[in-house]
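Reader: Hi! Could you walk me through this one?
Author: Happy to, here it comes.
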Amino acid sequence: MKNTEVEKKRKLKTIDIAYVGIFAALITVCSWISIPLTVPVTLQTMAVCITAGLLGTKKGVLTVISYILLGLIGVPVFAGFSSGVGVLFGITGGYIIGFIFTAVIVGLMVKLLGKKIWVYALSMFLGIAVCYAFGTAWYVIYNNSNGADSVTVGAALSMCVVPFIIPDIVKIAIATLLCKRLNKYVKA
C-alpha cells in the first residue's frame with residue numbers, strides 16, 4: 001500500500017472512533033432525558049435508531065455495545081443516571097440488550113434497501129418491535145424465575161410496551177426525519 005492509502009485508512013478509523021464516541025454520548029444524553037407522561041419516557045430508543053440509521057450496522061452496533069459496556073462498568077449512562085451489573089441484568093435489562101438488535105435491524109435494512117424515508121421508518125419500527133419482544137421476554141423470565149408474583153406475557157406487554165407505543169411512534173418519526181436530513185453530513 002502506498003503511504004497515502006495507509007494515512008487515509010488511519011484517518012477513517014479515527015473518524016469511526018470519533019463517531020462511535022459521539023453517538024454513544026448521544027444515546028447517553030437521550031437516556032437521561034425523561035418526559036413525564038403516564039409513564040416516564042426517555043429518548044434512548046430514538047438515539048439508537050438515529051445512530052444505526054446514520055452510522056450503519058457495524059458502527060451502529062459498536063456504538064450501542066460501547067454504551068452498554070460503559071453502563072456495565074459503572075458509568076451512569078442508563079436512564080435515571082443509573083449503571084452497573086444490577087441494571088443491565090435486572091428486570092428491564094433485556095430492553096437495553098435489545099438495543100443491539102434494533103441497531104442491527106436498522107443498519108441492515110438501510111444498507112440493503114437504501115436511505116429512503118420509508119426504509120428508515122420501517123426499519124426503526126421493526127427494530128424497536130424486536131427490542132420490545134426481547135425485553136418483554138427477559139422481563140417475564142426474570143420476574144417469574146426470581147420468586148416474584150408470576151407475570152403473564154399479556155401483563156408484561158401492558159406494563160412494558162403498551163404505554164410506550166405512541167411515544168415510540170413519535171420518536172420514530174423524528175428519528176426518520178433527522179436521519180434523512182443529517183445523512184449527507186455524516187460520512188460514516
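Reader: Which residues does Asp168 touch, not counting residues up to four places away in sequence?
Author: Asp168 touches Thr45, Ile128 and Tyr132 on that count, where contact means heavy atoms within 4.5 Å. A word on the basis: this is a predicted model, where local features need pLDDT of at least 70, side-chain atom pairs count only at pLDDT 80 or more, and totals for chains, interfaces and linings use all residues. Residues are numbered from 1 along each chain as its sequence is written, and side-chain values use heavy atoms, leaving out hydrogens and water.
Reader: Thanks! Is Asp168 buried or exposed?
Author: Asp168 counts as buried because its relative accessibility is 5% (buried is under 20% relative accessible area, exposed over 50%, partly exposed in between, with a 1.4 Å probe and protein chains only).
Reader: And what does its side chain make a polar contact with?
Author: The side chain of Lys171, at 2.7 Å. A polar contact is a pair of N or O atoms within 3.5 Å; within protein, one must be able to donate a hydrogen and the other to accept it, and residues adjacent in sequence count only if both atoms are side-chain atoms.
Reader: Switching topic, how many aromatic pairs are there?
Author: The structure holds 6. One of them is Tyr19 with Phe23, tilted, at 6.3 Å centre to centre and 55 degrees between the planes. Rings of Phe, Tyr and Trp (its six-membered ring) pair if their centres lie within 6.5 Å; planes under 30 degrees apart are stacked, over 60 edge-to-face, the rest tilted.
Reader: Nice. Which residues form the aromatic cluster?
Author: Phe89, Phe101, Phe134 and Trp138 form one cluster.
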